[in-house]
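I opened this structure to look up charged side chains and their partners. My notes follow.

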Amino acid sequence: MVYKFRVILDAEEDVFRDIAILEEDTLEDLHNAIVNAFGFDGMEVASFYTCDETWNQEDEIPMFDAGDIPGEQKIMSDYQLSDILDTENTKIIYVYDFINMWTFLIELAAVEEVAAGVIYPDLLFTHGEMPLDSGEKSFEAEHDDFSSEFEDDLDEDDLDMFSGDDSFEDYGFEENWN
């Protein structure tokens with residue numbers, strides 16, 4: 001079978017590519033198809049992330065095994081597309097270049113029979129031009145006000161209690177920093 005994906009760049013302008021790829025191809029094959037479809041040089045690290053129906057990120061599937069024990073962590077080439085995606089689980093997130101954070105929302109749009117004479121993966125449709133940069137990515141905690149959690153009600157005057165106290169040993173830090 002052939003999986004047809006819409007790969008949408010997470011950006012202000014609409015930029016997406018439709019890609020057809022065989023269901024037995026790997027996530028690494030999909031990674032390569034995305035890199036080619038969007039014109040990247042393929043020299044940066046990338047990862048896929050499983051997600052729920054509302055695009056909440058779950059498990060990472062990296063390009064390389066960066067775990068403490070070699071072979072313990074499964075990577076893109078270990079997963080066929082059909083291992084992760086099907087008619088029930090249609091969404092996955094892709095991040096290319098962890099410095100620029102090019103983020104893509106990928107959705108399985110159709111599962112069809114293989115077409116005779118077509119070489120897969122196949123770029124079916126392109127819309128929009130890639131922006132010059134990936135834009136600002138904001139990673140914020142759910143609770144914005146952490147200051148109250150660490151508030152100790154001390155001010156500068158409270159620290160005067162330590163001045164003139166000879167019970168503290170001087171480790172000579174000032175001379176070590178010169």
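**Notebook: charged pairs**

I began with aspartate 18 and listed its contacts (heavy atoms within 4.5 Å). Leaving aside neighbours within four places in sequence, aspartate 18 touches Phe5, Arg6, Asp122, Leu123, Leu124 and Phe125. Aspartate 18 sits in strand β2 (residues 16-22); strands (E, at least two residues) are DSSP runs, numbered from the N terminus.

I noted that this is a predicted model, where local features need pLDDT of at least 70, side-chain atom pairs count only at pLDDT 80 or more, and totals for chains, interfaces and linings use all residues. Residues are numbered from 1 along each chain as its sequence is written, and side-chain values use heavy atoms, with hydrogens and water left out.

Next I checked burial (buried is under 20% relative accessible area, exposed over 50%, partly exposed in between; 1.4 Å probe, protein chains only). Aspartate 18 is buried because its relative accessibility is 14%.

I then searched for salt bridges (a side-chain nitrogen of Lys or Arg within 4 Å of a carboxyl oxygen of Asp or Glu). The whole structure has 3.

- Arginine 6 pairs with aspartate 18, with the closest N and O atoms 2.7 Å apart. This links strand β1 to strand β2, 12 residues apart.
- Glutamate 112 pairs with lysine 4 at 2.6 Å between the closest N and O atoms. Glutamate 112 is in strand β6 (residues 102-112) and lysine 4 in strand β1 (residues 2-9), so the bridge ties together parts 108 residues apart in sequence.
- Glutamate 53 and lysine 91 meet at 3.9 Å, N to O.

For the last pair I recorded accessibility: glutamate 53 is partly exposed at 47%, while lysine 91 is buried at 14%.

How values were computed:
Helix = DSSP H or I, 4+ residues; strand = E, 2+ residues; numbered from the N terminus.
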